[in-house]
Amino acid sequence: MAQGARRTIAQVVAVLALAVAVTAFLSVAAVRHGFFDLKVYYGALTFWVHDGGEIYDFLKGGTQYGFTYPPFAALVMLPMAYLPWTAAITVSVAATVVVSAVVIWWLLDPVARRAGWTRWFVLAVALCLAAAYEPMRETVNFGQVNMLLLFLVAVDLLRLLPARSRWAGVGIGLATAIKLTPGIFIVYLLVTGRWRAAFTAMGGAAAATLVAAALFPDASREFWTEALWNTDRVGELAFVSNQSLRGVVARLDPEHPSTVAWLALVLATLVVWGWRSRAAVAAGDEATGLALTGATMCLVSPVTWVHHLVWLLPGLILLVDNGMAAPARSRRRRLLLAAALVGYAFLTSRIVWAWEKDFTGVDGFLGSNTYVWISLALLLALPVRHWATPTGGGPAGRGGPAGSAVEPGGVAQLAEPDRVPPAVQRDRVGGLLPVR
């Protein structure tokens, strides 16, 4: 048997074994939520379309939970009201799986090509690992829309912006019209000086909102004047699933959480995010800009349930990317790959739930906020790729060999054409090279 065939067989066996292991893990560790959030969407839409009620008046039986998204989200989900319940589940799960595969592929394929890994094998392994990742399995089990929103944002930041498309910003605008929190990516575009994309995003969000208002004036009026401000429909801020800075502060004093302390933390976080985001974009590193902004969104949002932390996936993947780009057997490679492994392991472990009933004491403060610490670590320490113009005897004036990329510490790196914006690729013959 040829060596290539043996390798393929070994890879297929490895993927199947991993899939079985992940399935066994999920059978023990995964909590069954019975598509709770999808039931809320489905019930609200059915109440609205078939029973003649207002969508924001609906509450799921025995709970305070109702439809909390803007009217444009109701328009996007409207076909669900005409589907059987099992079909709605199938569409939700299939859509999440497909867009997750696409986003993961966009982020991991450059790593596979650079390292010489079999590309289908890398994607298959990544999807198995993603299935075990707690925010992902919570997204699927709740029937949430998190990965669909991440996909829309990634279309802009990983595809349209690097290609200098005039449509860049449309995905962010639509994501913001569906759910308000991705609006931070509009701020990201403004902070980093991409005015055209920012105005396209704002225009897209406004247009989608106005279309929904024209079609559903009563629902739009109720959302923007009442439902949006009704925080009782969201849930308890101190609940351990709330892995945001607001959750950290609320768990310190559930009865009287300090708004001033929270706002101070948010302000400090936004300052760091603005500084690091500008550095990433100045370096031509849009993927890191996506990861930094996703982590910041999770930190500053008043409520970040565990399933919202799918926005940390790009950061974890980029740790692997940066680690594999470092020299083999280097301390930098070991450190970055270990950080990715530790972050993934914690975000798969359900560790915060050990303090669900009692988050007092030092151990409660540290343990119940574990995912917040990971978000902060990604914001503060995720490496930024840099671009440099060689001068003198080598790249960036460091005396390295011409045609190579150089680590700030002086270690030569391989160039990555797939990570270079088109304008830089065109100028590469003139000496523009990536630096990690």
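Which side chains meet in a salt bridge at 2.8 Å, N to O? They are those of R194 and E286.

## Model and overall make-up

This is a predicted model, in which local features need pLDDT of at least 70 and side-chain atom pairs count only at pLDDT 80 or more, while totals for chains, interfaces and linings use all residues. Residues are numbered from 1 along each chain as its sequence is written, and side-chain values use heavy atoms, with hydrogens and water left out.

The protein has 19 helices and four strands, taken as DSSP runs (helices H or I, at least four residues; strands E, at least two) numbered from the N terminus. Of its 436 residues, 50% count as buried; buried means under 20% relative accessible area, exposed over 50%, and partly exposed in between, with a 1.4 Å probe and protein chains only.

## Salt bridges

A salt bridge places a side-chain nitrogen of Lys or Arg within 4 Å of a carboxyl oxygen of Asp or Glu. By this rule there are eight. In the R194 and E286 salt bridge, the pair links distant parts of the chain: R194 is in the loop between α9 (184-191) and α10 (195-215), and E286 is in helix α14 (residues 286-300), 92 residues apart. Both R194 and E286 are buried.

R385 and D321 form another salt bridge (2.6 Å, N to O). This pair also links distant parts of the chain, with R385 in the loop between α18 and β1 (386-388) and D321 in helix α15, 64 residues apart. R385 is buried at 4% relative accessible area, and D321 is buried at 0%. Salt bridges with shared partners join R114, D285, D321 and R385 into one network.

## Helix α16

Helix α16 (residues 331-349) has 19 residues and reaches 27 Å from its first C-alpha to its last, close to the expected 27 Å, which is 1.5 Å times one less than the number of residues. Its buried residues include R333, L336, A340, G343, L347 and T348. They lie on the same side of α16 because they cover an arc of only 130° around the axis, taken from the directions from the helix axis to the C-beta atoms.

On the other side of α16, R331, R334, L335 and L341 are exposed. The cover over the buried residues of α16 includes α1 (3-29), α5 (119-132), α6 (134-142), α15 (313-325) and α18 (370-381). After α16 comes R350, with a positive phi near 65°.

Note on methods: Contact means heavy atoms within 4.5 Å.
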